[in-house]
Amino acid sequence: MTVGAARGSEEGFSSAEATRVMAAACRAAGLNDRGAELIRLGENALFRLGSAPVIVRIARSVEYLVASRKEVAVSRWLAGEGFPAVRVVEDLEQPLMIDGHPVTFWQLIVEEGRPATYGELGGVLRDLHALAIPHGLELPRYSAFGLSDLRLERAAGISEEDLEFLRKRGEELKDRLAELQFESPLGPVHGDAHTDNLMVDKRGVVHLIDLENFCVDHPEWDLEVAAHEYHRLGWVTECQYAGFAGAYGRDLREWPGFATLCAIQEFKMTTWLMQNVSEGEDVAQEVGRRIASLRDDVAPRNWLPY
């Protein structure tokens with residue numbers, strides 16, 4: 001369903017624009033937007049309705065339409081499997097297009113008040129990777145390098161020497177990935193497997209959320225995140241990682257391809273933060289620290305979490 005002309009733009013995506021789009025989407029869906037609260041404005045705008053247990057999710061531009069359709073389809077598939085994941089509001093045509101913004105409606109998860117553990121993340125991923133993707137559900141492959149090439153093209157505030165190094169590093173890593181032999185077959189992959197993408201409800205049930213990067217690929221991509229944050233970055237404790245690996249039943253660090261996945265992840269993390277180099281001296285210093293450490297594969301990372 002389309003309401004209004006597709007005039008929305010990513011550059012004009014503000015809290016005021018998101019609120020206007022949310023109100024129009026609620027009218028189109030027959031929902032009351034009175035008392036709606038903006039709870040996040042980032043890649044998407046998220047509103048919690050005051051009139052119903054519903055989250056309204058507004059994407060930045062029409063370019064996100066394919067991803068929005070995928071999220072709705074994946075949510076409905078997981079619901080049919082009885083898998084604990086975020087659920088779309090049924091009996092609504094989704095996504096709506098409001099002035100160039102894809103809009104989706106999700107059932108509110110009332111949280112227990114504690115974060116999910118790494119052991120719970122390992123268990124959720126174990127169960128997810130055991131599912132068989134049904135015929136007819138079209139999913140993309142994992143985007144290993146994301147928007148890194150585009151970020152390097154648009155980079156500002158980075159020396160030409162560093163940019164040239166990053167370009168060559170990216171090409172080298174693409175070659176290494178092309179030669180990599182994965183141990184696991186293709187299957188469902190979340191694509192952003194952090195504990196932040198789990199929610200624990202009032203009954204203690206752990207739900208998988210944020211299906212934006214969901215894809216079909218090798219499960220190693222999901223397992224790399226926690227292993228990398230423990231082994232290379234030190235952001236996860238030994239106890240947390242032991243809980244994760246124990247619950248899943250595999251320690252990815254034992255796989256010969258682990259170092260290559262870590263190197264790709266670090267490259268992508270660096271180009272992501274590089275976009276914000278002008279936001280402050282602390283960010284600029286962290287970008288410089290990351291680029292310097294990428295020049296040495298064995299150097300301790302000592303990166304700050306951004």
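This is a predicted model: local features need pLDDT of at least 70, side-chain atom pairs count only at pLDDT 80 or more; totals for chains, interfaces and linings use all residues.

Trainee: Let us start with helix α8. How many of its residues are buried?

Mentor: Of the 17 residues of α8, 15 are buried, so the helix is largely enclosed by the rest of the structure. From its first C-alpha to its last, α8 reaches 24 Å, close to the 24 Å expected at 1.5 Å a residue.

Trainee: At what angle do α5 and α8 cross?

Mentor: The axes of α5 (residues 160–178) and α8 (residues 258–274) cross at roughly 145 degrees and come within 10 Å. The crossing of α5 past α8 is left-handed.

Trainee: And which residues make that contact?

Mentor: On the α5 side they are Leu163, Leu166, Arg169, Gly170, Leu173, Arg176 and Leu177. On the α8 side they are Ala259, Thr260, Ala263, Ile264, Phe267 and Met274. By class, nine residues of this contact are nonpolar, two are polar and two are charged.

Trainee: How does α6 cross α8?

Mentor: The axes of α6 (residues 220–231) and α8 come within 10 Å and cross at roughly 80 degrees. That angle makes α6 roughly perpendicular to α8. From α6, the contact uses Glu220, Trp221, Glu224, Ala227, His228 and His231. From α8, it uses Phe258, Leu261, Cys262, Ile264, Gln265, Glu266 and Met269. These residues divide into seven nonpolar, three polar and three charged. Ile264 of α8 is listed in the contact with α5 and also in the contact with α6.

Trainee: Changing topic to α1: what do its buried residues pack against?

Mentor: They pack against the strands β3 (44–48), β4 (54–59), β5 (96–98) and β6 (101–107). The buried residues of α1 include Val21, Met22 and Cys26, as well as Glu17. The helix covers residues 15–29 and spans 21 Å from first C-alpha to last, close to the 21 Å expected. Gly30 follows α1 and has a positive phi, near 75 degrees.

Trainee: Is Ser68 buried or exposed?

Mentor: Ser68 counts as buried, because its relative accessibility is 4%. Ser68 is found in α2 (residues 65–81). Leaving aside residues up to four places away in sequence, it touches Ala59, Pro95, Pro102 and Thr104.

Trainee: Which residues other than glycine have a positive phi?

Mentor: Among them are Asp91, with phi near 65 degrees, and Asn302, with phi of about 50 degrees. Asp91 lies in the loop between α2 and β5, and Asn302 is found in the segment after α9 (281–294). Asp91 is exposed, with a relative accessible area of 80%. Asn302 is exposed as well, with a relative accessible area of 59%. Most residues other than glycine have a negative phi.

Methods: Residues are numbered from 1 along each chain as its sequence is written. Side-chain values use heavy atoms; hydrogens and water are left out. Axes are lines fitted to C-alpha atoms, for helices over the stretch in contact, and angles run from 0 to 180 degrees between N-to-C directions. Helices (H or I, at least four residues) and strands (E, at least two) are DSSP runs, numbered from the N terminus. A crossing is left-handed if the near helix is turned anticlockwise from the far one by less than a right angle, and right-handed if clockwise. Contact means heavy atoms within 4.5 Å. Ala, Val, Leu, Ile, Met, Phe, Trp, Tyr, Cys and Pro count as nonpolar, Asp, Glu, Lys and Arg as charged, and the others, Gly among them, as polar. The expected span of a helix is 1.5 Å times one less than its number of residues. Buried means under 20% relative accessible area, exposed over 50%, partly exposed in between (1.4 Å probe, protein chains only). Angles under 35 degrees count as roughly parallel, over 145 as roughly antiparallel, 65 to 115 as roughly perpendicular and the rest as oblique.
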